[in-house]
2 protein chains.
Amino acid sequence: MLPKPDNYMFTVQSRDKETRARTGLLRTAHGDVPTPVFIPVGTAGTVKGILHRDLLEDIGAKIILGNAYHLYLRPGTDIIEKAGGLHRFMSWDLPVLTDSGGYQVFSLADNRKLTDEGALFRSHIDGSEHIFTPENTIDIQRIIGADIMMALDECAPFPCDYRYAKKSVSLTHNWLERAVRRFRETEPFWGKNQVLFPIVQGSTFDDLRKLSAEFVVTADMEGNAIGGLSVGEPAEEMYRIIEIVNEILPEEKPRYLMGVGTPVNILEAIERGIDMFDCVLPTRNGRNGMLFTGEGIINVRNKKWATDFSPVDPEGPSTVSLYYSKAYLRHLVISGEILGAQIASIHNLAFYLRLVDEARRKIEEGDFKRWKNSMTNKLSERL
Amino acid sequence: MLPKPDNYMFTVQSRDKETRARTGLLRTAHGDVPTPVFIPVGTAGTVKGILHRDLLEDIGAKIILGNAYHLYLRPGTDIIEKAGGLHRFMSWDLPVLTDSGGYQVFSLADNRKLTDEGALFRSHIDGSEHIFTPENTIDIQRIIGADIMMALDECAPFPCDYRYAKKSVSLTHNWLERAVRRFRETEPFWGKNQVLFPIVQGSTFDDLRKLSAEFVVTADMEGNAIGGLSVGEPAEEMYRIIEIVNEILPEEKPRYLMGVGTPVNILEAIERGIDMFDCVLPTRNGRNGMLFTGEGIINVRNKKWATDFSPVDPEGPSTVSLYYSKAYLRHLVISGEILGAQIASIHNLAFYLRLVDEARRKIEEGDFKRWKNSMTNKLSERL
């Protein structure tokens, strides 16, 4: 076994007195990330519709997410390897976290089939046959050069019956053991430290979630993730599962809630001790005209905004939020203009990052609980 | 008749000794534009895929083009009027030139029909019935608040027989008289000076072009345009027509060549005394992966660029040209990622604007002809 990497570290910096919320610092080979953090999703090596400069300067992203499934299929690991890793391929010097691809195999790929070996699937792009195993998804993420890699898991659908969920957890655990073994047997591909996060599964069944969290803890990785939430279950069930799992996941390691969620979901999860988030909501829904603003949620396609010439968001999380009007953005979105997707994506991501930054500040100031309660109504209001 | 507007002016600043090329300054109510100038096309109130800040800072646009046909249909002149004109609607403070919509009626709209009154058509968006007349297209452009308005014309297809071309020129001239009358009877809608440019038509028939140029000159507007070129005819025919027409269009007024063209077309036209250009080529072809670079033309979809990690264009007309690699841009374009369209559009427009700027400098320095000859081979080379 390799010695513990000494350039990776998570430090809890402050704890809220009334809740489990905390702030921290995640140290990676490509820089430090204050937590809680929202990670913009850059599926195929691009946060859709956003130039890197805007991601860095206007949105203030400190880390982005890539997806092993997408990157493996296109451009392919051969090209990423020739480029010197994903960071160099896409000209991004800050940290990258990669999802292993398990979720995409189940949500995107055709003809998927689980075997003892791994997940067989056909590419959604050209129908070609592939297999993802716990081992080769580590190898792929090593080549990509992700600062934080994820173990291959099965994300059970919602709803799913107990029997299916139990079998699925067992498969995920078996895969986790193999992923950890491969992780320990291999070294960073590009000489820069890489860490692996295991993923807690178990659908909405409390006992399976406990079992999975306990198993995940034994892997003793540098951080832990919770998967399989925000897949259709009521928010209250998600919050309950987070509480159960976070009782078990160690305090001193970062906790990453995968694929969640709305601004309210995020504040509720921060309150319950989550440190890291990613979600396509701000970009995907933004492209379709859904805007998260300081005043509430706007569907900018709605006729009521046609002659509203006030800024997209007067609270202005990004420069585009103040520069462009709701009426203009509505025109762009309705006309299918690329610029509409650009403005909405920059604004929404900036809104998410500012919100999580503010949560961090409120935790440090000891005022998180009151602030969170005052925010949740406003954040879920539809204008 | 109103007195001549005194805040509009074109000044020829320098003339090339060997060719008809010249530099000038176009003064509009929204600012000055050095010529020769390439005008980025912002069809529906947006230069596709480009934030205004990048248009201003990275590309250096000094004027953009809007399209009356598109803007009239969506968002509609009612909304643009409520916003206080297009400049305010789209948050763009520099000059705007609008095409009257004639070209779009013939290229985009359904069920178009020419009557004495004007052009009947159905919207390509929802099939609704509309009519464009020489008068109402002036009214629409007044409400839009265009600094430079264009007269409604018929752009004859290529090839077209002499009889058709002759009839078409006659219609265009009839429409021009009516447009000029309406223009003279009305005042700027927003209190800021607006000028009208007539358009020379006549397909590739020398006598019709002469006839049309002579007619257009009698309108005595502040500038003149040449339409109906770069519609499929050989480049040499286009250059010949430009020469014939520019013999007639007055030296002291700006000459605008509509919808042209490739970088080589533009240099050839500058040599023949053209001052203003617009074309969708840099943005439309850019979105499809065609890049104009200092070394030649690149189809970035081509496999040969898959592992070329050098910058999009080492000569770097824009920051994105240097920041991103050819291999990365290829990946984005092939994957249908919005960011691919963004990078290619910014780069290509910056390339066009730098080229025209350089032409201006070379004319001033008295070195235009030699420079142009040295550029044309490189510019048309396909890498």
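Visitor: To start with, are Phe368(A) and Trp371(A) buried or exposed?
Guide: The model is a predicted one. In it, both Phe368(A) and Trp371(A) are buried.

Visitor: Where do Phe368(A) and Trp371(A) lie?
Guide: They belong to helix α14 of chain A, residues 368-380. Their positions are 3 residues apart, about one turn of the helix. In general, an α-helix has 3.6 residues a turn, so residues three or four places apart point the same way.

Visitor: Why does Tyr324(A) count as buried?
Guide: Tyr324(A) counts as buried because its relative accessibility is 2%, and the cut-off for buried is under 20%. Tyr323(A), by contrast, has 38% relative accessibility and therefore counts as partly exposed.

Visitor: And what is the geometry of the pair formed by Phe368(A) and Trp371(A)?
Guide: That pair is tilted, with 6.1 Å centre to centre and 50° between the planes.

Visitor: Which residues do ring pairs link into a cluster?
Guide: The cluster consists of Tyr69(A), Tyr72(A), Phe121(A) and Phe132(A).

Visitor: Changing topic to the interface: how many residues of chain A are in contact with chain B?
Guide: On chain A, 40 residues are in contact with 40 residues of chain B. The two chains bury about 3400 Å² between them, and 60% of that area is on carbon and sulfur atoms.

Visitor: Which three residues supply more of the area that chain A buries against chain B than any other three?
Guide: Those are Leu51(A), Tyr328(A) and His331(A), which together supply 17% of the area buried by chain A against chain B.

Visitor: What about charges? How many salt bridges does the rule find across the interface of chain A and chain B?
Guide: The rule finds 4 salt bridges there. Arg53(A) forms a salt bridge with Asp54(B), and the closest N and O atoms are 2.8 Å apart. As for polar contacts between chain A and chain B, 16 residue pairs are counted, with both residues at pLDDT 80 or more.

Visitor: Which elements give two or more residues to the side of chain A that touches chain B?
Guide: They are α1 (52-59), α2 (68-83), α11 (319-323), α12 (326-334) and α13 (338-365) of chain A. Of these, α13(A) gives the most, with 6 residues. By class, that side of chain A has 23 nonpolar, 10 polar and 7 charged residues.

Visitor: With which side chain does the side chain of Asn67(B) make a polar contact?
Guide: The partner is the side chain of Gln104(B), at 2.9 Å. Leaving aside neighbours within four places in sequence, Asn67(B) is in contact with Gly42(B), Thr43(B), Asp99(B), Gly101(B) and Gln104(B).

How values were computed:
Residues are numbered from 1 along each chain as its sequence is written. Chains are lettered from A and ligands numbered from 1 in the order in which they are written. This is a predicted model: local features need pLDDT of at least 70, side-chain atom pairs count only at pLDDT 80 or more; totals for chains, interfaces and linings use all residues. Side-chain values use heavy atoms; hydrogens and water are left out. Contact means heavy atoms within 4.5 Å. Buried area is the accessible area (1.4 Å probe) that two parts lose on being put together, summed over both. A salt bridge is a side-chain nitrogen of Lys or Arg within 4 Å of a carboxyl oxygen of Asp or Glu. A polar contact is a pair of N or O atoms within 3.5 Å; within protein, one must be able to donate a hydrogen and the other to accept it, and residues adjacent in sequence count only if both atoms are side-chain atoms. Helices (H or I, at least four residues) and strands (E, at least two) are DSSP runs, numbered from the N terminus. Ala, Val, Leu, Ile, Met, Phe, Trp, Tyr, Cys and Pro count as nonpolar, Asp, Glu, Lys and Arg as charged, and the others, Gly among them, as polar. Buried means under 20% relative accessible area, exposed over 50%, partly exposed in between (1.4 Å probe, protein chains only). Rings of Phe, Tyr and Trp (its six-membered ring) pair if their centres lie within 6.5 Å; planes under 30 degrees apart count as stacked, over 60 as edge-to-face and the rest as tilted.
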